[in-house]
Amino acid sequence: MKDDENIKFVVTHYRRGCFAVKPGLRRMGFRQATWTPVRIAASVAVVAVLSATAAIMITHRYFASSPETVSSEQRSTLPQKEVKPAAVSVSVIDFEATPLPEVVAKIRDVYGVDVINLPENAESYRLSLHYEGNAADLVETINETLGTEMKIKDQ
């Protein structure tokens, strides 16, 4: 019985569009935002400028600052690995059936590091190699290739 009264009330008072969302929001004072091409372009420009600003700030803070100008708080977030410049410099070096003592001399000339623990029969080892990288990785590659145990002095 109660259901019949509810249905009768809805049927007598129903108006087309009275439960529509857009007119209801408009009656409450909300406007629907229209995305025009100008607003879209302005939004894209703002995002691009903010992204570029963030990239510049990060690059300046972590890569352009000298150690003297970095505060102790910033210094704690930077990597604290000790790096030896001679072993880290990247160079290209080529060998073609070169005896191992000549290879070691060339590494000393190019990278400025001394290689120790040469095998006793170092003259019998020949190396053909094109290498681009640092001295530590080069010596490690030679050790793996020739089965030697050479090391960079003071490392």
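Reader: What makes the pairing of the side chains of Arg108 and Asp114 a salt bridge?

Author: The model is a predicted one. In it, a nitrogen of the Arg108 side chain lies 3.2 Å from an oxygen of the Asp114 side chain. The criterion asks for a side-chain nitrogen of Lys or Arg within 4 Å of a carboxyl oxygen of Asp or Glu, so the pair qualifies. Side chains of opposite charge can pair when their charged atoms come close. The structure holds one salt bridge.

Reader: Why is Arg108 called partly exposed, and how is Asp114 classed?

Author: Partly exposed covers the range between the buried limit of 20% and the exposed limit of 50%. Arg108 has a relative accessible area of 41%, and therefore falls in that range. Asp114, at 36%, is likewise partly exposed.

Reader: Why is Thr148 called buried?

Author: Its relative accessible area is 9%. Thr148 sits in the loop that joins helix H7 (135–146) to strand E4 (151–152).

Reader: What makes the approach of the Thr148 and Asn143 side chains a polar contact?

Author: The two side chains come to 2.6 Å, and the cut-off for a pair of N or O atoms is 3.5 Å. The pair therefore counts as a polar contact. Beyond four places in sequence, or leaving those neighbours aside, Thr148 is in contact with residues including Pro119 and Tyr125.

Reader: How do you know that the span of H7 agrees with what its 12 residues should give?

Author: At 1.5 Å a residue, H7 should span 16 Å, and its end C-alpha atoms are 16 Å apart, so the two values agree.

Reader: Which residues of H7 are buried, and why are they said to line one face?

Author: The buried residues are Ala135, Leu138, Val139, Ile142, Asn143 and Leu146. Viewed down the helix axis, they fall within an arc of 135°, and therefore line one face of H7. Glu144 and Thr145 are exposed and lie on the face turned away from that buried side.

Reader: What is found at the N-terminal end of H7, and what follows just after the helix?

Author: Asn134 caps the N-terminal end, with a side-chain oxygen 3.3 Å from the backbone nitrogen of Ala136. Just after H7, Gly147 adopts a positive phi of about 75°.

Terms used: Residues numbered from 1 in each chain as written. Predicted model: local features only at pLDDT ≥ 70, side-chain atom pairs only at ≥ 80, totals over all residues. Heavy atoms only, no water. Helix = DSSP H or I, 4+ residues; strand = E, 2+ residues; numbered from the N terminus. Buried < 20%, exposed > 50% of the residue type's maximum accessible area, 1.4 Å probe, protein only. Polar contact = N/O pair within 3.5 Å; in protein donor to acceptor, adjacent residues only side chain to side chain. Contact = heavy atoms within 4.5 Å. Expected span 1.5 Å × (residues − 1). Arc of directions from axis to C-beta.
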